[in-house]
Amino acid sequence: MLEAQHNLVSTIADWPNHIPGADWPERVEWRWMRFDELQPATLYAALQLRQQIFIVEQGVPYSDIDGGDLKASHLFCFLDGRLAGYLRTLPADQFALGYTSFGRVVVHARCRRLGIARQLVARAIEQLAETEPGIPIKISSQLYLRDFYASFQFVAQGQSYIEDRIPHIAMIRSCDPK
């Protein structure tokens, strides 16, 4: 049972006051779960981290609980038993017709600049290629992250736009990027 194994803490105050050491990759557990596999404390930790970053830190009141979680696969990154990072993948046609997607990519403030976001995205791309082969991925990226996603062969589409008070841009990754 996940709750027995993990101290599902995601508030900044409850994390150690130091940045994880160089051996952090050895202390990480990656875990995929469908919505119906989530225990209440695991779901609470994910929603709490998402709220802390997307609503409080970024100062954007928006409806995070949008129904997408019910059909999503959820990737958790636990570091020393604490939730350090998270994202969700969406099956084909849930975000945009003809595309799979992922989103809600979030890393705890104390765990940034370790490469966790890069691993979350790489794992999402791999998982979508396995579960939805041959279907391209479309995301709505915050504009300042365009180069980050471009490093995964995502290509910006069209002009930037405002979503929830933040500049975004649509990006697509083909099934077999060259």
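Predicted model: local features only at pLDDT ≥ 70, side-chain atom pairs only at ≥ 80, totals over all residues.
Strands of a sheet pair through backbone hydrogen bonds, in either a parallel or an antiparallel arrangement. In this model, three strands form an open sheet in the order β5-β7-β6, and the pairing is antiparallel. The edges are formed by β5 (137-142) and β6 (155-163), each of which pairs on one side only. From one strand to the next, the twist averages 25°. Strand β6 is joined to β7 (residues 166-173) by 6 bridges, and the two run antiparallel. Within this pairing, P167 of β7 is the bridge partner of I162.

The largest pocket has a volume of about 1,000 Å³. It is lined by 37 residues, of which F54, V105, Q142, L145 and Y149 are the closest to its centre. Several helices and strands contribute to the lining: α2 (40-57), β3 (82-90), β4 (101-107), α3 (116-131), β5, α4 (146-150) and β7 each supply at least two residues. The largest share comes from β4, with 7 residues. Sorted by class, the lining of the largest pocket comprises 20 nonpolar, 8 polar and 9 charged residues.

With a cut-off of 2.5 Å between cysteine sulfur atoms, the model contains 0 disulfides. C77 is in no disulfide, and the nearest cysteine sulfur, that of C111, lies 7.4 Å away. C77 is classed as buried because its relative accessible area is 0%, under the limit of 20%. C175, with a relative accessible area of 43%, is partly exposed.

Technical notes. Residues numbered from 1 in each chain as written. Heavy atoms only, no water. Buried < 20%, exposed > 50% of the residue type's maximum accessible area, 1.4 Å probe, protein only. Pairing = 2+ DSSP bridges. Helix = DSSP H or I, 4+ residues; strand = E, 2+ residues; numbered from the N terminus. Axes fitted to C-alpha atoms, helices over the stretch in contact; angles between N-to-C directions. 1 Å grid on protein atoms, 1.4 Å probe; cavity = no way out; pocket = protein on both sides within 12 Å on 5 of 7 lines; lining within 4 Å. Points joined across faces, edges and corners; volume = space filled by probe spheres on them. Nonpolar A, V, L, I, M, F, W, Y, C, P; charged D, E, K, R; others polar.
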